There are 2 protein chains.
Amino acid sequence: MTATPAASRVPQDEGPAPRGAPGLDRLRDVLGEVADLERAAAVLTWDQETNMPPGGVEDRANQLATLSRLAHERFTSSEVARLLESAGAEVASMPAESDEASLLRVTRRDFGQAVKVPAELVSEMARAAATARPVWQDARERSDWSLFVPAMQVTVDLSRRLADALGYEERPYDALIELTEPGLTTTRVEELFGRIKDASVPLVHAIDRHRDRVDDAVMARPCDERRQVELARETIACLGYDLDRGRQDLSVHPFCISFGPGDVRLTTRTGATFRDSCILSSIHEAGHAMYEQGVPRSLDRTPLSRGASPGLHESQSRLWENMVGRSRPFYGWLYPRLKGAFPESLDDVEAEAFWRACNAVRASYIRVDADEVTYNLHVLLRFEIENDLLEGRLAVADVPEAWAARVREYLGLEQPPDREGPLQDIHWTGALGGFVGYSLGNLISAQLMAAARRDLPGLDAQFEAGDFAPLLGWLREHVHRHGRKFTPDELVERATGSPITAEPWIAYLGEKFTGLYGL
Amino acid sequence: MTATPAASRVPQDEGPAPRGAPGLDRLRDVLGEVADLERAAAVLTWDQETNMPPGGVEDRANQLATLSRLAHERFTSSEVARLLESAGAEVASMPAESDEASLLRVTRRDFGQAVKVPAELVSEMARAAATARPVWQDARERSDWSLFVPAMQVTVDLSRRLADALGYEERPYDALIELTEPGLTTTRVEELFGRIKDASVPLVHAIDRHRDRVDDAVMARPCDERRQVELARETIACLGYDLDRGRQDLSVHPFCISFGPGDVRLTTRTGATFRDSCILSSIHEAGHAMYEQGVPRSLDRTPLSRGASPGLHESQSRLWENMVGRSRPFYGWLYPRLKGAFPESLDDVEAEAFWRACNAVRASYIRVDADEVTYNLHVLLRFEIENDLLEGRLAVADVPEAWAARVREYLGLEQPPDREGPLQDIHWTGALGGFVGYSLGNLISAQLMAAARRDLPGLDAQFEAGDFAPLLGWLREHVHRHGRKFTPDELVERATGSPITAEPWIAYLGEKFTGLYGL
């Protein structure tokens, strides 16, 4: 069941002698085709979530399966193996940070991983994901984890087989992390997450004793849904999201998707009150979208032409959502606009009160509704449970108890019903390892923001004046323009002077919330 | 420059001995992939016309080029050649009209044509089309044919090369017709079009002398655009267009596009008056869409899983638009709805008067605005000019004069400015031969309608009562369910008892318009 290693696929025939960089040029052509197939699949996915009529399900599944299979076949072909070899000589003298050397380095890493995973395992995982989805929906509806246990067991087994196929030195989770956040390890993530836990659990409990110090009743007031969408669109355009290279639509779950830097779309959903309005979630998605819009054309149609990793991507969405969109200065600019759009709800509310309300902390069961203080704890408990499952310390049937123990310790809450416990996310239908990027993103967002504040002293005054171009320019220069050239640690170190670290986030959180709650 | 003929590509190795129909099964798999690629390209095209932001142009062109190249490569591969051979034995004993034998017959024809056209010619044509488009736009804007002459010369030369590559017995146009309307020839089309000309030119001139007998002033009255779209949607849903397997959107030019029978979309455009409202154009596109929705799943993801030809397709759109949507009984049902939607414009107008107004005949320069009587004459003159160009009887520079002579003879109009003459359509940017289906479609629509009336005696009363299911059922049974299994003549003969003929259309036209104008 082991895949043919890349090296053994390389034919000896190198073709005609190189002129200029024919290997690299041809490699770019093939990678361009793969990118076109992936981007076409992205258009089909966007359409599926926003426009497709119910009758389209069967045809669309066929089309997406064919596109992803062809992209995979093209990328893992012997031609790519040969071109990676021949292009190696052509870029040997170029600096590691050049576009060319980076293209080869990253493509080799992707190729090495792709050829290690047997085709049968890829299709088993796709099938398992498709099979598990309705099972999960049913189990969630009935709030009964036991119904989901067999599907979850398949997810765990497949994730172990995936880790074995990819290979790892110490722990199976290392292989899964290397796929998405190359250079990081399970142990390193545990250390970072440990720092998060040590800082936030006491804060959660301290805030819980002084809940009454922030009144968030205004968040339950009504908020016209059409005006939400308009105001969200105007707001993200002011932040720097280019609507000539994107658009905003409605969908059941908000997401951002790129078909190339000239067309990066986001979706949103509305709710009847300020608490579930689409404004902050649109800012979040616009953070993702501005990242993709900022990847330069010089990297286009290659494995470098997107954000560096899920963690880096989440750093951009969370930076704009939290460090900007939940900051006090931002409400100096936004709040008059909010009040203008919803006078009947906000007439008697001052900016300061609204800002306090939308930063209220309240431990709850649902990750996607969590505030800045508790959010990471939801991620941490999933990461811990996934490791325990992968390393055989926890049986699938016992997940609800393991969940309950952590919810009690971290959030001070009783055991939730399964629906609001381990059945709340779709992520466990098919694979483990999908949560790490969320908390890494929070850490990186604070680290980047601290560095941006060092370089750009007047940021808060700019936010208050509605001038977000300096911050966006800084992110373009230090993050976006590199696309996927560097690993998360390399990129963060280039931007901030240090690899990923928890200190800036801990400092940010402590300062903001001890202040807000007067602790 | 000649392509490798299909037969010489067939390797001798037939693989393992057949069990069941392994050749046919594998052929279906490969054809399914090709269909998925083509349908994915259709989704990207639809998105381009309805949703894509301006920044998406460059990326989208790359994606579409890659998808169509891969579909072509996959379809013309040596594997398909081999499978067409091995499946031949498997279907040898099946009747010619079976799905299996039809699949093989039609795929062989497509394959034979596809491998005859050199890849260079395909890409030259694509490039020429892309290059000619802005030249045409500029020439049309300045109303100056001479600016378009070089691009048109390329179109003519490429069409001749295409005809030579495909091969023909008598006339170069035969090769172009065989591509889209297999089984028909230039001479046969000339005969049919000659009958059209003989019947309609005298009618045009007779009507012109009695123009005042139909008052169409009401068509210039205002017609709220949002309500147009709503009423059009309700109307096509009543006709039988399934909105659970499709949707209606706005675009600059109305079109219908299929991503499979479960998702067939149409677009429309609105105007400020009844004359340019979207209701009849939506019925037209719904005619195309109901055809694609009616192709059975058993033919899915093969070259049979779409309408039989452009002519047959146009027969469906024109049947619903004209034979239903411009018929007197239909206004018994539609007109109260129209009046309800636009009371301020229609309060003082009776159904009979509105029906007469929307059937007014007036010779004009623009094909897409033409009435039922003059429409075909626009097509005929283009067909004649294309043949004269291909066969060297006419120089590209002299097209406006050739156009003017025919406009005078057929329509009784003076020479138009080039903008409203030979520069009005986009069709001549890249290839000739795109107009034949429009008039064939008109002929076939009348022939099918006459047959349907024989089989279903109460049709007019049903239209008046808003019951369109019997007619749609008849079309499903006699046309839609066959997909692309039969040639246009074969299909029309199965449905009506005779190959394509002009008589039913001539009878329909004469009866309707001599009555309307009291001639």
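Student: How do S1(B) and strand S3 (residues 264-268) of chain B pair, parallel or antiparallel?

Tutor: Strands of a sheet pair through backbone hydrogen bonds, in either a parallel or an antiparallel sense. In this predicted model, S1(B) and S3(B) run parallel and are joined by three bridges. Two strands count as paired if DSSP finds at least two bridges between them; strands (E, at least two residues) and helices (H or I, at least four) are DSSP runs, numbered from the N terminus.

Student: What is the strand order of the open sheet in chain B?

Tutor: The order is S1-S3-S2, three strands with mixed pairing. Strand S1 (248-250) and strand S2 (256-258) of chain B each have a single partner strand, so one side of each is left without a neighbour in the sheet. From one strand to the next the twist averages 25°, with axes fitted as lines to C-alpha atoms (for helices over the stretch in contact) and angles running from 0 to 180 degrees between N-to-C directions.

Student: Which strands are the edge strands in chain A?

Tutor: The open three-stranded sheet of chain A has the order S1-S3-S2, with mixed pairing. Its edge strands are S1 (248-250) and S2 (256-258), each pairing on one side only. S2(A) and strand S3 (residues 264-268) of chain A run antiparallel and share three bridges. A:Ile257 has A:Arg265 in S3(A) as its bridge partner. Helix H10 (residues 279-293) of chain A packs on this sheet and touches S1, S2 and S3 of chain A, its direction making about 170° with that of S3(A); contact means heavy atoms within 4.5 Å.

Student: How much area do chain B and chain A bury between them?

Tutor: The size of an interface is often given as the accessible area lost when the parts come together. Here that is about 2900 Å², 50% of it on carbon and sulfur atoms (accessible area with a 1.4 Å probe, summed over both parts). The contact involves 39 residues from chain A and 38 residues from chain B.

Student: How many salt bridges cross the interface of chain B and chain A?

Tutor: A salt bridge is a side-chain nitrogen of Lys or Arg within 4 Å of a carboxyl oxygen of Asp or Glu. The rule finds ten across this interface. One of them might be read at A:Asp59, which forms a salt bridge with B:Arg297, the closest N and O atoms lying 2.6 Å apart. On chain B, helix H1 (22-50) and helix H2 (57-75) each supply at least two residues of the side that touches chain A.

Student: Which conventions apply?

Tutor: Residues are numbered from 1 along each chain as its sequence is written, and chains are lettered from A and ligands numbered from 1 in the order in which they are written. Local features need pLDDT of at least 70, side-chain atom pairs count only at pLDDT 80 or more, and totals for chains, interfaces and linings use all residues, while side-chain values use heavy atoms, with hydrogens and water left out.

Terms used: Buried area is the accessible area (1.4 Å probe) that two parts lose on being put together, summed over both.
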